[in-house]
Amino acid sequence: MNRTRVIGEEAPVGSGSTWTHRRLLPPWLRREPLSLWLAAIAVAGAAALPVLYLVVRAAESGESAVDSIFDFDTLAILWRSIQLIVLVTLGSVLIAVPLAWLTVRTDLPYRRAWAVASVLPLAIPSYVGALAFISAFGPKGLLQGWLEGPFGVDRLPDLYGLTGASVVLILLSYPYVFLTVRATLWRLEPEMEEASWTLGRSPWQTFRRVTLPLLYPAIGAGALLVALYTLSDFGAVALLQYDTFTRVIFNEYNSAFNRAVAAALSLVLLAVAVSLILIEASARRRARYYSGANAARRRRRIVRLGRWRLPAFIFSSLVTLLALGIPVFVLVYWLTRGVNAGESGLFDWGAAFTSVQYSLAAAVVTVIAAIPISVLSVRRPGLLSTGLERFSYVGFAMPGIAVGLGLVFFGIRYATGIYQTVYLLVFAYVVLFLPVAVGLIRSSLLQVNPRMEEAAMSLGRSQINAFLTVTVPVIRPGLAAAAIMVFLLTMKELPATLILGPIESRTLATSIWSAAEEAFFARAAAPSLLLVIASAAPMTFLVLRERSRN
Amino acid sequence: MTTEIPNFLARRTILMALGLAAVLVLVIACSSDNNNDSSENSGPSDEGGELIIYSGRSESLIAPLIEKFEAATGIDAKVNYAGTGSLAATLLEEGDRSPADVFFAQDPGGLGSIIELVKPLSDELIGRVPDWARSSDNLWVGISGRARTVVYNTDALSPEDLPDTLEGFTDPVWKGRIGWAPTNGSFQAMVTGMRLIWGEERTRDWLEGIVANEPKVYAKNTPTVAATGSGEVEVGFVNHYYLHRFLAEEGDGFAARNYFLPGGGPGSAILVTGAAILKTADNAIEAERFLDYLLSAEAQSYFAEEAYEYPLIDGVERADMLPDLASLSTPDIDVSDLGDLAATQNLLREFGALP
Amino acid sequence: MIGLPRISGLTGIRRKPNESVTSDIALRCTGVSKTFDGTLAVDDFDIEVKRGQILALVGPSGCGKTTVLRMIAGLEVLDTGRIEIGGELVASSGRHIGPDKRSVGIVFQDYALFPHMTVDGNVGYGLERKGKSERVEEVLALVGLEGLGKRLPSELSGGQQQRVALARTLASKPDVLLLDEPFSNLDAGLRERVRSEIREILKEAGTTTVFVTHDQQEALFMGDLVGVQVGGRIEQVDTPERVFHRPATNFVARFMGMADFLPVDPLGNRLVTEVGPARAVPGFEPPESAPLEVMARPDDFVLAPLEDGQGVVISRVFQGWAYTYEVELNSGLRIHCQMPHLLTIEVGQRVLVNLRRDHPQMFFSEGHAVPEVPRYGQA
């Protein structure tokens with residue numbers, strides 16, 4: 001069983017290994033186990049199901065779908081979506097990159113706390129965040145109320161429209177970029193920056209010419225997530241009164257007989273998403289930036305901020321205050337108001353438990369499903385593997401309702417056994433959040449020297465074994481980050497959960513939604529806070545673990 | 001040179017992964033059990049049947065009612081809560097294989113879109129509600145009534161300032177002071193009614209006039225009322241009962257009140273929530289019992305007291321603070337006609353009210 | 001020699017030294033110490049390297065060599081002591097000039113090439129725009145990589161990458177060049193060839209070099225000066241010959257090659273060991289009342305098979321042109337002796353062991369050489 005093997009040697013006949021039939025495969029397939037390719041294709045195929053659904057439905061509507069797609073108004077709204085995406089992506093990068101650098105490389109006090117606080121906005125569903133913002137900063141919101149007394153401010157300028165939508169979405173989605181950049185910063189070989197320094201470049205020049213370019217892949221991956229998230233967001237833009245393409249689609253779906261048109265429009269959305277993915281891909285160069293084996297062991301260089309400490313502190317505080325402080329404050333405010341008004345039973349522990357279960361399941365399954373695609377796209381970059389990886393991104397861009405209905409379509413016809421059970425729901429989560437996991441695992445793998453695995457293989461381990469014992473421990477932070485991201489996203493996912501969830505189950509997200517629909521703000525606040533707290537725990541864990549390893 | 005190397009690490013990683021997976025499976029299995037028992041108060045007796053309800057009405061409102069139903073009948077009711085529109089879409093997708101028995105919708109539009117999937121109800125059931133509160137072919141029955149109204153900010157306005165009919169709001173003096181939610185089902189039902197009562201031309205004029213006054217757009221009724229209360233807008237076109245929810249949560253200090261248009265017209269239309277039994281229902285008997293319960297005094301009082309909606313059966317009084325249904329100048333339309341949303345939406349889209 | 005001027009101070013990168021004032025000593029460290037987390041990593045480090053010399057710092061892993069290198073480069077701050085480069089004080093207890101302001105280049109163990117830049121980009125990285133491309137071409141030619149300017153580091157072999165790293169540092173003509181274990185990444189077969197090529201390049205460029213290694217063969221080959229460092233301290237700095245033949249301590253002796261130490265009994269003015277008399281330099285004075293030892297390398301012994309010899313051959317290693325025998329003496333002490341291959345002694349055979357008397361040996365007492373010459377060598 002543990003018979004060791006030299007690379008290239010064929011196992012003797014009858015040993016039961018898969019190596020014997022490798023000669024029948026074309027060379028480009030031979031080097032990675034066939035099972036890996038099959039797994040990757042299966043996962044990508046699963047992600048394709050909702051797309052198939054959209055195509056089928058859209059085909060039904062024929063003429064009217066084509067008309068509505070090429071309608072001038074539709075295109076005008078598409079343009080609005082694009083404007084929003086550009087602003088949000090730029091803003092997120094501008095906030096996240098300095099923040100990531102500050103929390104990894106400098107002597108900013110309480111770095112770990114800042115890191116956790118910087119990521120937590122991800123836990124806040126966009127509609128809750130938007131609602132909180134309007135409540136706080138709206139023309140007649142909390143802030144205005146406070147200012148009215150001493151300053152006589154009757155009305156604040158409203159933040160509806162592109163400005164408000166951009167600001168809120170930036171604050172809620174910059175953590176995507178923050179996480180990917182941070183992960184890469186930890187793994188950057190410090191010698192490169194030291195080399196630049198000794199070659200006469202100041203620390204700032206070093207950052208600009210060496211560090212930053214090395215961060216581009218990570219920034220690109222994070223920015224893509226932000227862009228896709230913005231593209232598919234509905235809740236926040238609706239509240240902030242900014243019409244986007246996704247709103248059109250949602251409206252179509254909610255008038256059920258327009259499913260066909262909605263499907264056609266969803267395909268347009270997909271097309272936009274695909275273009276975004278292609279843009280990121282072309283910006284991403286052959287990023288084989290792997291660090292040496294002992295990169296992690298070298299004492300990491302800390303930049304002393306000196307007189308920049310105060311500005312850095314202010315910057316971090318401002319971001320955290322706006323992105324996390326305001327929503328939490330408003331939620332607590334609503335909650336206390338409800339408690340004072342005598343409401344009870346506000347904390348739905350059952351829903352919290354269910355949310356955590358679903359999210360854990362989704363996290364584990366998604367990460368495992370993401371590994372084949374990630375590995376293949378990094379180790380064997382070629383048409384097929386890159387195509388699989390790019391394809392897995394579409395799930396993130398599709399409106400949750402499309403994914404949900406798509407799986408209803410397939411589930412009710414071909415998989416009645418698991419229809420309306422946890423299993424199909426977790427499947428939906430995998431489809432939705434696969435790209436997040438793939439992106440994070442890829443970034444992590446890019447930092448690993450494939451020679452390590454080959455060294456292990458030359459010492460007699462099988463390929464799987466070498467991967468598990470040599471590479472996996474090194475990419476563990478990436479795997480953990482991927483799992484935690486999927487956990488967070490699943491915790492706040494709404495439309496697919498509503499459609500596909502087992503009938504009696506309640507998650508925190510659905511509780512929030514149903515309470516907010518009926519203006520039970522206190523009842524919406526409690527699960528929202530639980531959501532943030534439940535997401536804070538794994539986030540903190542991840543950040544603290546990062547530190548101790550490095 | 002070949003040497004034996006123990007595979008501790010590989011084994012350990014695989015074991016860990018398997019362990020995690022095992023825990024996962026257990027956890028999921030337990031969770032589905034847990035959720036099945038989550039309705040603690042109900043002790044479904046052995047003879048009680050099962051019932052699957054798709055409810056477009058929110059859980060926070062309906063769940064207590066469901067519990068009472070289960071306690072009273074011993075039927076184990078499983079409810080799928082989601083938006084009316086997306087439930088309708090789901091039902092259409094599910095088609096013949098749908099597991100649902102009952103569809104409980106927030107507004108007539110939702111019922112209208114799945115009208116092909118439901119079967120006629122018994123005369124007795126239908127007979128409990130007024131004629132105008134049920135579908136013409138007995139395909140669905142109204143459960144509670146909601147009046148369209150205009151909510152206004154009491155700090156800025158008093159009833160004398162407000163026009164008698166909706167058309168009054170097209171006056172340019174109302175520019176920038178109106179809030180509405182054109183994506184909302186009830187609003188669209190009202191506009192459908194408008195088309196029926198006023199005709200297409202007049203409806204278009206009204207839409208044009210309101211749009212010219214640059215109304216603030218909200219996603220739903222709730223934010224509209226909230227905005228009116230805070231003074232962000234001064235009037236809003238909503239359903240009547242939202243205000244009462246705000247009053248209950250924030251007290252009488254909430255600076256908004258309902259204004260029922262004395263001039264009548266579509267702005268005062270009474271909409272209904274409704275329920276229907278699906279053709280694919282496996283538990284038709286239990287479904288009937290559920291509708292029967294919804295139209296019972298107990299449930300109707302619940303809607304009156306907890307949701308501030310209008311009960312539809314005889315013998316149950318509305319909540320005190322609501323104006324009498326009869327006193328409202330309700331237009332004479334058949335709610336079942338309000339189910340035709342397609343043309344309304346196209347109209348709204350034409351004027352840019354819908355994206 | 002390349003006659004381009006030093007990089008000027010326009011970008012504020014490098015200082016412009018006044019040639020006539022430049023001292024003969026390119027690098028001087030005095031009493032440099034550094035503590036990491038309570039452990040003394042570098043202890044009272046003293047060194048002087050003349051312009052154009054190559055200093056090989058050798059010692060076991062963890063002895064602080066890399067830390068010294070990093071302090072010279074300015075990547076670590078010293079605790080006490082002084083570092084002067086080209087006559088300018090760059091580091092002391094109260095002063096620390098950053099690496100970007102020092103005229104020091106460092107080549108890391110994994111080369112640390114910028115993966116996102118071409119070879120040209122890497123090599124020209126520290127240069128000003130003016131004259132950059134000519135200088136880059138020049139330096140690439142110097143290291144033998146002409147024409148590879150447009151390649152990316154990932155497209156180069158390990159040896160080529162190393163040369164790019166070297167070229168990159170040489171491009172701006174630093175006062176001192178630092179190499180951190182430059183050959184440890186190469187295969188053994190390649191190592192020797194690369195070593196001599198690199199040495200040639202360094203000599204041609206005339207750069208003062210400090211390079212760090214744990215391989216004593218390398219140090220002996222590459223260095224004009226060899227510094228043996230252990231436990232953060234310099235044990236000896238001398239020419240390769242003197243470090244090898246005239247080690248200052250037992251440790252240095254053992255580190256630089258196989259060495260055995262035999263107790264010596266100073267009977268009168270004769271120095272007697274278990275294997276016979278040992279010869280000293282004329283005028284040698286053994287320390288009073290301190291134990292004395294003589295150092296003998298494998299080529300200092302002579303073996304002859306003899307039935308009642310004082311030693312028994314324990315093992316034998318064939319090295320092609322010679323055998324190295326490990327012999328256990330009657331006292332239990334083991335010594336190593338290298339004998340030409342023409343004589344073959346079997347394991348287990350008894351042998352007569354003698355010390356050669358054709359050259360004087362080195363004597364040690366309590367770990368240190370009994371002085372014949374001053375402790376620090378002169379180049």
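These legends describe close-up views of a predicted model.

Residues are numbered from 1 along each chain as its sequence is written, and chains are lettered from A and ligands numbered from 1 in the order in which they are written. Because the model is predicted, local features need pLDDT of at least 70 and side-chain atom pairs count only at pLDDT 80 or more, while totals for chains, interfaces and linings use all residues.

**View 1. Chain A and its helices.** The secondary structure of chain A comprises 24 helices and zero strands; helices (H or I, at least four residues) and strands (E, at least two) are DSSP runs, numbered from the N terminus. Of the 550 residues in chain A, 59% are buried. A residue is buried if 20 or more other C-beta atoms lie within 10 Å of its own, exposed if 12 or fewer, and partly exposed in between, with C-beta atoms placed from the backbone. Two residues are in contact if their C-beta atoms, placed from the backbone, lie within 7 Å. Among the contacts in chain A with a separation of 6 or more, 81% are between residues 24 or more positions apart.

**View 2. Helix α3 of chain B.** Chain B has twelve helices and eleven strands, and 52% of its 355 residues are buried. Helix α3 (residues 84–94) of chain B is largely enclosed by the rest of the structure, because ten of its eleven residues are buried. Among them are T84(B), L87(B), L91(B) and E94(B). G95(B) follows α3(B) and has a positive phi, near 60 degrees.

View 3. Strand β18 (residues 322–329) of chain C pairs with β19(C) in the antiparallel sense over seven bridges; two strands pair if DSSP finds at least two bridges between them. A322(C) has P340(C) in β19(C) as its bridge partner. Four residues lie between the strands of this hairpin, in which G332(C) takes a positive phi near 100 degrees.

**View 4. An open sheet in chain C.** Five strands of chain C form an open sheet in the order β2-β1-β4-β5-β6, with antiparallel pairing. Its edge strands, β2 (39–50) and β6 (95–96) of chain C, each pair on one side only. Within the sheet, strand β4 (residues 80–85) of chain C runs antiparallel to strand β5 (residues 88–92) of chain C, and three bridges join them. I83(C) stands opposite A91(C) in β5(C).

**View 5. P115 of chain C.** P115(C) lies in the loop between β7 (104–107) and α2 (119–123) of chain C. This proline is buried, because 21 other C-beta atoms are within 10 Å. The C-alpha atoms of P115(C) and T30(C) are 37 Å apart, with the two residues 85 residues apart along the chain.

**View 6. The contact between chains C and A.** Chain C contributes 20 residues to the contact and chain A 18 residues. On the side of chain C that touches chain A, the largest share, three residues, comes from β7(C).

**View 7. Confidence in chain C.** The average pLDDT of chain C is 84, and 91% of the residues score at least 70; pLDDT is the predictor's confidence in each residue, from 0 to 100. Over residues 1–21 of chain C pLDDT stays under 50, and the model has 28 contacts beyond four places in sequence for this stretch. For the complex, the predictor gives an ipTM of 0.78 and a pTM of 0.77.
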